[in-house]
Amino acid sequence: MSVFDELAGQDAVVSQLRSAVAGSMTHAWLFTGPPGSGRSVAARAFAAALLCEFGGCGVCPSCRQVRAGTHADLLLVRPEGLSYGVKQTRDLVLRAAGAPAGGRWLVVLFEDADRCTEQAANALLKAIEEPAPRTVWLLCAPSPEDLVTTIRSRCRVMTLRVPPSSAVASVLVQRDGIDPDRALAAARAAQGHIGRARRLATDPSAAARRAAVLSVPVQATSLGPALAAAAALVKTAEDEAKSVTEQLDEPEKEALRKAFGEGSTGKGVAKAMRGMAGALKDLEDRQKSRATRVKRDTLDGALLDLAAFYRDVLIVQLGADVELANADQDSDLRRIASGSTPEATLRRIQAVMRCRERLTLNVAPLLAVEEMTISLC
Ligand SMILES: [Zn+2]
């Protein structure tokens with residue numbers, strides 16, 4: 001077993017990371033790849049390998065702490081709002097300048113580094129230009145172009161590709177004991193995104209939500225049903241986002257209350273309780289802003305599923321020999337393919353992409369999605 005097992009179909013990247021662990025170290029790395037290619041999974045595995053005595057065995061306490069995000073020498077940065085500000089970055093840079101608590105390295109893993117504001121990027125640049133001797137920066141972004149040139153030119157870039165479904169399926173079979181047919185269907189539906197594939201194969205409610213998204217093309221036939229489909233799509237994404245954030249929120253609050261010693265008595269308790277109220281308010285603000293981001297990301301994921309469905313329709317219409325993402329929706333696919341033209345399908349894909357773009361411009365989700373479903377008719 002190794003921490004790199006999770007990285008399905010990324011042999012070239014894994015061999016470079018392994019040799020870096022063995023010796024040739026660089027202080028700044030940039031993991032890029034499209035959504036679902038596993039860039040943060042790769043960065044996390046690399047962090048584990050750097051901090052593990054055995055090069056990333058996957059089972060020792062250090063490896064387990066990295067997986068849980070609790071390792072003392074791992075600073076895990078995940079922008080919780082829509083952007084990452086300069087104050088947060090300065091705090092981070094200060095912490096990153098320290099020495100590791102126990103091991104060889106202090107690893108800073110910065111997910112979604114493309115969400116840095118411009119001033120935050122400047123603060124980050126300084127830290128990467130003059131790294132502390134035992135600090136390693138791991139940045140993740142969709143593509144190198146998402147970071148300013150000055151930062152990306154100082155990083156060693158690891159480019160991940162979307163792994164083939166068969167590679168994802170074999171990880172699900174071997175690591176999660178999922179039945180091969182179900183694993184392959186889930187891997188195809190998740191288009192290479194291993195976490196999503198695992199959820200689809202193991203969580204019935206995730207599978208039900210995907211089915212709801214994919215029923216949109218069948219429903220959107222005239223104005224009334226198109227509007228209803230839009231409302232359902234937005235609600236589905238909101239429900240999914242809510243279930244994700246609820247699982248995170250309560251344990252965080254619980255941990256905070258414990259840290260402030262809630263329930264204890266004695267000297268200083270009243271003062272500590274006042275401090276806790278402020279910290280709790282801070283945490284709630286961050287959770288709220290995270291909820292907004294998760295909601296937006298979830299809706300975007302649903303739209304990508306929808307685009308993939310129409311891509312499949314186009315493949316059927318053109319008779320191309322390409323693997324279908326939604327082979328399990330075969331009858332719907334073929335019905336829609338035979339009832340329309342490739343030009344119409346392309347127009348629909350464009351409508352989905354335009355909707356995604358409008359959402360990044362902060363158009364109200366329901367409005368943007370309604371406009372899209374009407375174009376799908
Ligand atoms: Zn280990």
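How many bridges join β1 and β5, and in which sense do they pair?

1. **The β1–β5 pairing.** β1 and β5 pair over four bridges in the parallel sense; strands count as paired if DSSP finds at least two bridges between them. Thr 32 stands opposite Thr 159 in β5. Please keep in mind that this is a predicted model, where local features need pLDDT of at least 70, side-chain atom pairs count only at pLDDT 80 or more, and totals for chains, interfaces and linings use all residues. Residues are numbered from 1 along each chain as its sequence is written, and side-chain values use heavy atoms, leaving out hydrogens and water.

2. **The sheet.** The open sheet has five strands in the order β2-β3-β4-β1-β5, with parallel pairing. At its edges are β2 (74–77) and β5 (156–159), each pairing on one side only. On average, neighbouring strands are turned by 15° against each other, direction ignored. Helices (H or I, at least four residues) and strands (E, at least two) are DSSP runs, numbered from the N terminus.

3. **β1 and β4.** Strand β1 (residues 28–32) pairs with strand β4 (residues 135–141) in the parallel sense over five bridges. Within this pair, Phe 31 stands opposite Cys 140, and Ala 28 stands opposite Trp 137.

4. **Helices on the sheet.** Helix α2 (residues 39–51) packs on the sheet and touches β1, β2, β3 (106–110) and β4, where contact means heavy atoms within 4.5 Å. The direction of α2 makes about 165° with that of β4. Helix α5 (residues 118–129) also packs there, touching β1, β3 and β4, and its direction makes about 140° with that of β4. Axes are lines fitted to C-alpha atoms, for helices over the stretch in contact, and angles run from 0 to 180 degrees between N-to-C directions.

5. **How enclosed is β1?** Five of the five residues of β1 are buried, so this strand is largely enclosed by the rest of the structure. Ala 28, Leu 30 and Thr 32 lie on one side, with Trp 29 and Phe 31 on the other. Buried means under 20% relative accessible area, exposed over 50%, and partly exposed in between (1.4 Å probe, protein chains only).

6. **Helix α15.** This helix (residues 342–360) has 19 residues and reaches 28 Å from its first C-alpha to its last, close to the 27 Å expected at 1.5 Å a residue; the expected span is 1.5 Å times one less than the number of residues. Its buried residues are Ala 344, Thr 345, Arg 348, Ile 349, Ala 351, Val 352, Cys 355 and Leu 359. They cover an arc of only 150° around the axis, which puts them on the same side of α15; the arc is that of the directions from the helix axis to the C-beta atoms. Exposed on the other side are Glu 343, Arg 347, Glu 357 and Thr 360. Just after α15, Asn 362 takes a positive phi of about 65°.

7. **Gln 317.** Gln 317 is found in helix α13 (residues 269–318). Not counting residues up to four places away in sequence, Gln 317 touches Ile 336, Ala 337, Ser 340, Thr 341, Pro 342 and Thr 345.
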